[in-house]
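Grab your viewer and work through these exercises with the model open. Each one has a task, followed by a solution in steps.

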Amino acid sequence: MNHKEKLLQVYHLTSDIEITQNQLPEECQTYIAEIARKCFVRKAVHTVLITLLVHKILHPSQDIRYHQVDMPGGFSGRSIDTRYITPTLTELGLPAMAESGWLTRSFEQPYPYTLNYNGNITPKSLKTAFLNIIDFVQKHPEKCEEVLKLLLKLIKSAKDDSSVEIVKLTNPEKIDIKNLVNALDEHFNYDYKTYGGSKLPVIAFYAIYEILVKEVSRYNSCKLRKLGSHTASDRTSKTAGDIEIFDKNNHLVEAVEVKHGQEITLQIVYRAKSKIIKHNPSRYYIFASKDIKQSEADKINHLVKKIADEHGCQVILNGIIHTIKYYLRLIMSITDFIDGYSQLVESDNEIQKVHKQKWNEILSRLVINK
């Protein structure tokens, strides 16, 4: 049995148990609950922990604190995570990293995960929980599967609690582009007082591109890369932008970077340049909530021209709302867009419940107002 098969086996067992049925010490349960409670904001923590627990179940004699092959008696936790754990968590629809929890600097330090581990895992309560759970299963390997079962059960509960079914409009054909754009503007820019909202305009552009690649001749035979994590750094995502379009030969045609709540600065365009050199798209779009930073406008325009001359790539800078309005005029049916956007909002694991509830509220109001 490999790590994926064991993870799936334990995960499916969680449907038959109640959280209160476990026999773990209360302190251990508290630590597990802390990890699960932060599963959407600190995905690396539960990803690394699940990897270590699954490996411990399969290899009880392994000291899982020694998570790198260069450590005495160590093994490659990152390889196991990349090959088995993160893809399986994604497949199950649970919060997951883009590639591996070990690509987070907090966990890639070359030191064992002993109680005095120096890695900067934050907040401190999460670090305490993570290290104490590992310490517990090292001392009680026979309890490892029970720990994993409870952790998966609580993470699944957290995911289910965040689920919101987006209402299906009965009369979307009566909604015009102006009202839809206003609705999106409100959905993007409402003061949620929490994280995650910056992905909403990315989801909107992705929904539009799903339609454009079918309807616009420029995108004949092209395909969209699956929408990835909005929280992964450029270093870990290994992508050119938030959205990527490839031709039939798998060459990058266009990349889109969305900067919610930001103005377009010279630094943003320089970062785009480095991605253009690496990935070689023919067009690179940067859409932002605000205008180009006026004090840097001349330098930005000069850099855009230089990129076109030296690398043959058009860099297009524009506003988020302005561009969405333009794209909605291009597509044949805004009903398809509303359906696509609503489905993506409902299924996304990075935005929060409050973002989904807000979209439902806006949709309901749209129908009433009509």
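**Exercise 1: around Ser106**

Leaving aside neighbours within four places in sequence, Ser106 is in contact with Tyr117, Gly119, Asn120 and Ile121, where contact means heavy atoms within 4.5 Å. A quick note before going on: this is a predicted model, where local features need pLDDT of at least 70, side-chain atom pairs count only at pLDDT 80 or more, and totals for chains, interfaces and linings use all residues. Residues are numbered from 1 along each chain as its sequence is written, and side-chain values use heavy atoms, with hydrogens and water left out.

Task: find where Ser106 sits, and say whether it is buried or exposed.

Solution. 
- Step 1. Look in the loop between α4 and α5 for Ser106. Helices (H or I, at least four residues) and strands (E, at least two) are DSSP runs, numbered from the N terminus.
- Step 2. Ser106 counts as buried because its relative accessibility is 15%. The scale is: buried under 20% relative accessible area, exposed over 50%, partly exposed in between (1.4 Å probe, protein chains only).
- Step 3. Now pick out the side chain of Ser106: one of its polar atoms lies 3.0 Å from the backbone oxygen of Asn120.
- Step 4. While you're in the loop between α4 and α5, stop at Pro123. A cis peptide bond joins Thr122 to Pro123, with omega about -10°.

**Exercise 2: the largest nonpolar core**

Task: which residues touch the most other members of the largest nonpolar core?

Solution. 
- Step 1. Set the rule: a nonpolar core is a set of buried Ala, Val, Leu, Ile, Met, Phe, Trp, Tyr and Cys residues joined through side-chain atoms within 4.5 Å.
- Step 2. The largest one has 51 residues, and Ile50, Tyr113 and Phe130 touch the most other members.
- Step 3. Two or more residues come from each of α1 (3-13), α2 (26-37), α3 (43-58), α4 (77-91), α5 (124-139) and α6 (144-161). The top contributor is α3, with nine residues.
- Step 4. Zoom in on Phe130: not counting residues up to four places away in sequence, it touches Ile35, Val45, Val48, Leu49, Leu52, Phe107, Tyr113 and Ile121.
- Step 5. Apart from this core lies another, of 48 residues, including Ile175, Tyr192, Val258 and Leu344.

**Exercise 3: the buried side of α12**

Task: which residues of helix α12 are buried, and why do they count as being on the same side?

Solution. 
- Step 1. In α12 (residues 320-330), the buried ones are Ile320, Thr323, Ile324, Tyr327 and Leu328.
- Step 2. They cover an arc of only 135° around the axis, so they sit on the same side of α12. The arc is that of the directions from the helix axis to the C-beta atoms.
- Step 3. The buried residues of α12 pack against α7 (177-189), α8 (200-215), β3 (252-259), β4 (283-288), β5 (314-319) and α13.

**Exercise 4: rings**

Task: how are the rings of Phe107 and Tyr113 arranged?

Solution. 
- Step 1. Rings of Phe, Tyr and Trp (its six-membered ring) pair if their centres lie within 6.5 Å; planes under 30 degrees apart count as stacked, over 60 as edge-to-face and the rest as tilted. The structure holds 14 such aromatic pairs.
- Step 2. Phe107 and Tyr113 are edge-to-face, at 6.1 Å centre to centre with 85° between the planes.
- Step 3. Tyr209 and Tyr327 are edge-to-face too, at 5.7 Å centre to centre and 85° between the planes. This pair links distant parts of the chain, with Tyr209 in α8 and Tyr327 in α12, 118 residues apart.
- Step 4. Ring pairs also link Phe205, Tyr209, Tyr219, Tyr285, Phe287, Tyr326 and Tyr327 into a cluster.

**Exercise 5: a buried glutamate**

Task: which side chain does that of Glu350 make a polar contact with?

Solution. 
- Step 1. Go to the loop between α13 (334-347) and α14 (353-369), where Glu350 lies.
- Step 2. Glu350 counts as buried because its relative accessibility is 14%.
- Step 3. The partner is the side chain of Lys199, at 2.9 Å. A polar contact is a pair of N or O atoms within 3.5 Å; within protein, one must be able to donate a hydrogen and the other to accept it, and residues adjacent in sequence count only if both atoms are side-chain atoms.
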